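Work through the exercises below with the model open. Try each task before reading its solution.

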Amino acid sequence: MTEQELYDYAVSLLAKKNYASGEMHRQLSRLTENTADIECVLHRLTDNHVLNDAQLLSYIFDKHVKKMHGPTRIKQEMRQKGFPAALIEQEIDKSEVDWYQLAKEARTKKFGETLPADPKEKNKQIRHLQYKGFTMDMIFEALG
């Protein structure tokens, strides 16, 4: 596949869905093994403001916070999408999210105001908050 054909394919993919540069690299590498062409296409997409990792990362981050996901889950899902680790850390650091408060709200939304009385219920709530992506420190604060 030529570089122009790769570029056209990438633009057609981006017309349907937003992609991170890592995801786009994976998509294009399925079509060709020429990494130089892939890198040129990615640079062209970035230069033309068609591919913008920072903007997409910010959008996805906000979406996860609205779903009451914790920092661990957000980082994991961002890495799977192919965002650079430094960009993910930068987004989390610049956010003004109170993760402890968010963990409390997530617990209250799912289980109500009353704190768990028996160990079985407490473990259930801990597992739920771990699944949501909160650290144990945040979880114990939410349960305390």
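**Exercise 1: The main core**

This is a predicted model. Task: find which residues of the largest nonpolar core touch the most other members.

Solution. Start with the membership: the core holds 23 residues. Then look at the contacts. Phe 61, Met 78, Phe 83, Trp 99 and Phe 134 touch the most other members.

Next, assign the core to helices. At least two residues each come from α4 (53-66), α5 (71-81), α6 (85-94), α7 (99-111), α8 (119-132) and α9 (136-143). α4 gives the largest share, five residues.

**Exercise 2: Around Trp 99**

Task: list what Trp 99 touches, leaving out residues up to four places away in sequence.

Solution. Go along the chain. Trp 99 meets Phe 61, Val 65, His 69, Gly 70, Pro 71 and Ile 74. Further on come Ile 92, Phe 134 and Met 138.

Now look beyond this core.

**Exercise 3: α1 against α2**

Task: describe how the axes of α1 and α2 cross, and which residues meet.

Solution. Two values describe a packed helix pair: the angle between the axes and the distance between them.

Step one: the axes of α1 (residues 3-16) and α2 (residues 21-29) come within 11 Å. They cross at roughly 130°.

Step two: classify the angle. It lies between 115 and 145 degrees, so α1 and α2 are oblique to each other. The crossing is right-handed.

Step three: read the contact. From α1 come Leu 6, Tyr 9, Ala 10, Leu 13 and Leu 14; they meet Met 24, Gln 27 and Leu 28 of α2. Seven of the contact residues are nonpolar, one is polar and none is charged.

Methods
Residues are numbered from 1 along each chain as its sequence is written. This is a predicted model: local features need pLDDT of at least 70, side-chain atom pairs count only at pLDDT 80 or more; totals for chains, interfaces and linings use all residues. Side-chain values use heavy atoms; hydrogens and water are left out. Axes are lines fitted to C-alpha atoms, for helices over the stretch in contact, and angles run from 0 to 180 degrees between N-to-C directions. Helices (H or I, at least four residues) and strands (E, at least two) are DSSP runs, numbered from the N terminus. Angles under 35 degrees count as roughly parallel, over 145 as roughly antiparallel, 65 to 115 as roughly perpendicular and the rest as oblique. A crossing is left-handed if the near helix is turned anticlockwise from the far one by less than a right angle, and right-handed if clockwise. Contact means heavy atoms within 4.5 Å. Ala, Val, Leu, Ile, Met, Phe, Trp, Tyr, Cys and Pro count as nonpolar, Asp, Glu, Lys and Arg as charged, and the others, Gly among them, as polar. A nonpolar core is a set of buried Ala, Val, Leu, Ile, Met, Phe, Trp, Tyr and Cys residues joined through side-chain atoms within 4.5 Å. Buried means under 20% relative accessible area, exposed over 50%, partly exposed in between (1.4 Å probe, protein chains only).
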